[in-house]
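Colleague: I have a new model open and would like to learn how to read it. Could you take me through a few features?

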Amino acid sequence: MGDSTAAKVADLLSQMGLDEKIGQMSQLNGGGGHLPEYLAEAMRAGQVGSVLNEVDVEIVNEMQRICVQESRLGIPLLIGRDVIHGFKTIFPIPLGQAATWDPETVKQGAAISAMEAAAKGVNWTFAPMIDITRDPRWGRIAESLGEDPYLCSQLGVAMVNGFQGDDLSETGSIAACAKHFAGYGAAEGGRDYNTANIPENELRNVHLRPFKAAADAGVASFMSAFCDLNGVPATGNRWLMDQLLRKEWQYDGVVVSDWESIVEMTVHGFTADDEGAAYEAVSAGIDMEMASSSYRDHVENLMAQGKISLQQIDTMVARILTLKFDLGLFDNPYTDPGHFSAPLNRSHLTAAKEAAVKSCVLLKNEQRILPLNKSDTNSVALIGPLADQPYEQLGTWVFDGKAKHSVTVLEGLKELLGSEVTVNFEPGLVSARETSRDGFAAAVTAAEESDAVVMVMGEESFMSGEAHSRANIDLPGIQEQLIDAVAAAGKPIVLVIMAGRPLTLERVVEKVDALLYAWHPGTMGGPAIADLLFGVESPSGKLPVTFPRMVGQVPIYYSHKNTGRPASEETCVRMEDVPLGAPQTSLGMSSFHLDAGFKPLFPFGFGLSYGRFQYVKITTSHHSIALGETIDIFADIINAGAHPAEEVVQLYVRDLVANVTRPVKELKGFRRIFLKPGERQRICFTLHTDELGFFNREMNYVTEPGQFHVWIGGSSDASLWAEFEIHE
Ligand code: NOJ
């Protein structure tokens, strides 16, 4: 906070009564299109610091006017909204954006979303969600940036920068919110809101890293998680919120609770009643209460009892006022929509399409059946329940985008192919959940009568997102049966999946010739997919999360520990190969499942291309470096294919021996490069020894001398490796 802001905040604070301070700490739900009188009255009385879920700009301006002109101290409002992956122009779901491995794309998406939201008076978004999750059953994996702390940190910071711009007070900049602090992504069983038990060492080395990165990048706010973290709900967790966030990290932005997460501490069984919950939340340093009213109802009384000090309250209110000054709200609380470019304009749609192109991951391409060739294709059968579902391609958390603006795969293909190629559209199933086979015959006929078969399947929007977890993550309904039926036509099948999570597709993958994973691709999903299928663009997305073969493998992630008995091809035994009456100790005695092996279906970082990338000649600048020095790691990448294409080059490291066991591989860098056919490029990653550190048993961040392995490749399965040493 600048000195002048600090002085203004102090001046304002000195004029405020306790009820006005508590008012600033209260965030109320808006009327969603009208201004209820009780809300207007509370604003006049200075009892509201923030409103969420009002995006009618005239009402927002009226609310600001009431606060500024009719309340005693004229303090403007924070206007919050879940702008998660777009406002009017919907970008791919965050997990899809993570598959771009492209911070610039992610930043641009956030900047456009901020601009469109700001035009409605919104000045605060509850994003990015940077919970590390390794459980695809959890519906909110769709909102996440995947399983890896490094990738999530890079992309989370890009999103923060996109939302907030260079200066929060600029037109089109809005405050971002790092959520959900902390551990929410580790909900037991992938069931939303469930308990998270995470040892402190793992918390620091994995789950907290993106939050630290966001704090360092200047994210304006944090949101406390709903969950119970190691026995103490995050919202009342003093160790997490005060000791770590405020004291250790020196974070001085606003912390907002999640929706009613303060009063839910009583439901958790952590507090006896709302008063106790308010006490715990204030004690932890939750500056603002979202939706519930325990601060309004109990803080005064808690102060009268001497349980809460005025100094605590002043510190919290000061953080909220500081954000309002930083956003420039005291200078101009109003929004003039005329100052903004139109939502859904051509450049926004182009950016959404490019993001969707980069987010799609090609997981299989047998016989290089893709890209399809327009000149030797007279007709395409387009089959599947998601080929023409404008709403379902948008994905979860879409409050403001409209299905009518979506361009579906059917529309995208027709537009791209024009009159030269006939698109024979037969959905086969009316929805992803449909259980009637009535449409199958027509779909099979379409396949028989066409030169190429494209099927678009997956999950509807509601099947992922908050409170939308699944225990079975197979392709829903009878979609797999539709694939079987269509396969009888004898044509190669190109399958496009739209989904909010990794699905378990082992059987399905066997049945199709190509598989393009499109997540929920947003408004411009259709044209993006059409361009990819017909080779206008080459797929370049990479998985931000491991794909299990079966749900029972979960959690399965690339940066696991080695264990004392790691599985290998030699030690892993398949159930069907075990002789009858086999003795207990005959089965390899290593860490695998008898019925699933030890490998995922597709590893983290994986994704094919129409280019053919070869990685050769890894070298390091030194064999040994001292603590505090840097090392360069080089490799050559060649595009040996016939298509120009982008590739995401990835750098992984393993610290062989340490004070606490380290993962078998950890992502430490990545870069998107473009190579023409035949082109070769030397890539150099530079690592400082600080980047090779970790939190040790004493919870200190250290880099230990010793041996390191390093890999450069196109996925976490990279095999091209070298080694180096760090000495004292
Ligand atoms: C609850 C969700 O957990 C959080 O992510 C969201 O921002 C709030 N509701 C507000 O809608």
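Colleague: Which residue follows H20, and what is its phi?

Modeller: H20 is followed by Gly-535, with a positive phi near 75°. Keep in mind that this is a predicted model. Another glycine of this kind comes just after H3, where Gly-46 has a positive phi of about 70°.

Colleague: How many residues of helix H20 are buried?

Modeller: A residue counts as buried when its relative accessible area is under 20%. In H20, which spans residues 525-533, nine of the nine residues pass that test, so the helix is largely enclosed by the rest of the structure. Among them are Pro-527, Ile-529, Asp-531 and Leu-533. The partners they pack against are helices H15 (346-359) and H16 (409-417), together with strands S14 (452-458), S15 (493-498) and S16 (514-517).

Colleague: And H3: which of its residues are buried?

Modeller: Start with the general idea. An α-helix has 3.6 residues a turn, so residues three or four places apart point the same way. In H3 (residues 37-44), the buried residues are Leu-39, Ala-40, Ala-42 and Met-43. Looking down the axis of H3, you find them within an arc of 160°, so they line one face of the helix. That buried set packs against strand S1 (26-29), strand S2 (50-52) and helix H4 (57-70). On the face turned away from the buried side, H3 carries the exposed residues Glu-37 and Tyr-38.

Colleague: Let me try a single residue. Is Val-444 buried or exposed?

Modeller: Val-444 has a relative accessibility of 15%, and because the cut-off for buried is under 20%, it counts as buried. Val-444 sits in helix H17 (residues 440-448). Leaving out residues up to four places away in sequence, Val-444 touches Ala-485, Val-486 and Ala-489.

Colleague: Now the ligand. Which residues surround it?

Modeller: The shell includes Asp-82, Phe-126, Met-223, Trp-259, Trp-397 and Glu-466. By class, the shell has six nonpolar, one polar and five charged residues.

Colleague: Which side chains have a polar atom 2.7 Å from an oxygen atom of the ligand?

Modeller: Arg-140 has a side-chain N or O atom 2.7 Å from a ligand oxygen. For Lys-179, the distance from a side-chain N or O atom to an oxygen of the ligand is also 2.7 Å. His-180 places a polar side-chain atom 2.7 Å from a ligand oxygen. Taken alone, the ligand exposes 300 Å², and the protein buries 95% of that.

Technical notes:
Residues numbered from 1 in each chain as written. Predicted model: local features only at pLDDT ≥ 70, side-chain atom pairs only at ≥ 80, totals over all residues. Heavy atoms only, no water. Near = heavy atom within 4 Å. Polar contact = N/O pair within 3.5 Å; in protein donor to acceptor, adjacent residues only side chain to side chain. Areas by Shrake-Rupley, 256 points an atom, 1.4 Å probe, with all protein chains shown as cover. Nonpolar A, V, L, I, M, F, W, Y, C, P; charged D, E, K, R; others polar. Buried < 20%, exposed > 50% of the residue type's maximum accessible area, 1.4 Å probe, protein only. Helix = DSSP H or I, 4+ residues; strand = E, 2+ residues; numbered from the N terminus. Arc of directions from axis to C-beta. Contact = heavy atoms within 4.5 Å.
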